[in-house]
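This report describes the architecture of one protein chain for a reader new to structural analysis. Please keep the sequence and the three-dimensional view at hand while reading.

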Amino acid sequence: MAGQNVRAGGGPFGAVIVKDGKIVGEGVNRVTVNQDPTAHAEVVAIRAAATALGTYDLSGCEIHASCEPCPMCWGAILWSKIDRIFYAATQLDAAAAGFDDANFYAELAKPADQRQTPMVGALRDEGAGPFTAWREFSDKVRY
């Protein structure tokens with residue numbers, strides 16, 4: 001899938017999500033095709049699997065990716081509760097091709113106010129309000 005995607009003008013990444021031995025979602029890198037910086041293969045596959053299974057909880061699934069997931073994809077995999085990650089190429093292989101995630105890992109290790117794109121907290125009292133409402137809402141669906 002990753003190789004086919006390159007020949008079709010996309011990035012060199014592909015992923016499938018499997019549950020009970022069956023593919024329930026697949027995706028290829030669609031960043032430039034969709035003009036969407038979040039359309040990495042793993043995220044596209046997660047969206048497809050969640051739609052196919054009718055749930056945001058992909059427990060019981062595993063993801064097979066053509067490359068070690070970047071920090072964004074890894075976060076999406078954790079949020080989706082996928083049980084296991086299998087990957088082929090490493091982040092070093094991706095870096096050699098110009099897809100270097102090392103900066104992202106380094107940025108995550110820095111204090112928020114020292115990052116390349118500084119993060120500044122503001123309006124905390126107003127921002128905390130929805131979380132109070134969430135805690136008090138009896139019909140919430142936890143995720």
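## The nonpolar core

The largest nonpolar core has 16 residues, and those that touch the most other members are Ala15, Ile17, Ile46, Leu58, Cys61, Ile63 and Ile82. A nonpolar core is here a set of buried Ala, Val, Leu, Ile, Met, Phe, Trp, Tyr and Cys residues joined through side-chain atoms within 4.5 Å. Buried means under 20% relative accessible area, exposed means over 50%, and partly exposed lies in between (1.4 Å probe, protein chains only). At least two residues of this core come from each of β1, α3 and β3. In soluble globular proteins, nonpolar side chains tend to be buried together.

The model is predicted: local features need pLDDT of at least 70 and side-chain atom pairs count only at pLDDT 80 or more, while totals for chains, interfaces and linings use all residues. Residues are numbered from 1 along each chain as its sequence is written, and side-chain values use heavy atoms, with hydrogens and water left out.

Cysteine 61 touches Ile17, Val18, Lys19, Val24, Leu53, Ile82, Asp83 and Arg84, leaving aside residues up to four places away in sequence. Such a contact means heavy atoms within 4.5 Å.

## The sheet

Helices (H or I, at least four residues) and strands (E, at least two) are DSSP runs, numbered from the N terminus. In this structure, 4 strands form an open sheet with mixed pairing, in the order β2-β1-β3-β4. Strands β2 (22–28) and β4 stand at the edges with a single partner strand each, so one side of each is left without a neighbour in the sheet. From one strand to the next, the twist averages 15°. Two strands count as paired if DSSP finds at least two bridges between them.

Strand β1 (residues 14–19) pairs with β3 in the antiparallel sense over 5 bridges, whereas β3 and β4 pair in the parallel sense over 5 bridges.

| Residue in β3 | Opposite residue |
|---|---|
| alanine 65 | alanine 15 |

Helix α3 lies across β1, β2 and β3, and runs at about 140° to β2. Axes are lines fitted to C-alpha atoms, for helices over the stretch in contact, and angles run from 0 to 180 degrees between N-to-C directions.

Which residues of helix α4 (residues 71–80) are buried? They are Pro71, Cys73, Ile77 and Ser80. The buried residues of α4 pack against α3 (41–53), β3 (61–67), β4 (84–89) and α6. After α4 comes lysine 81, whose phi is positive, near 70°.

## Cysteines and a loop residue

How many disulfides does the structure hold? The structure holds 0 disulfides, a disulfide being a pair of cysteine sulfur atoms within 2.5 Å. The sulfur of cysteine 67 is 9.1 Å from the closest cysteine sulfur, in cysteine 70, which is too far for a bond. Cysteine 73 is in no disulfide either, and the nearest cysteine sulfur, that of cysteine 70, is 3.7 Å away. Cysteine 67 counts as buried at 4% relative accessibility, and cysteine 73 is buried with a relative accessible area of 0%.

Proline 111 is found in the loop between α6 (102–109) and α7 (124–136). With 43% relative accessibility, proline 111 counts as partly exposed.
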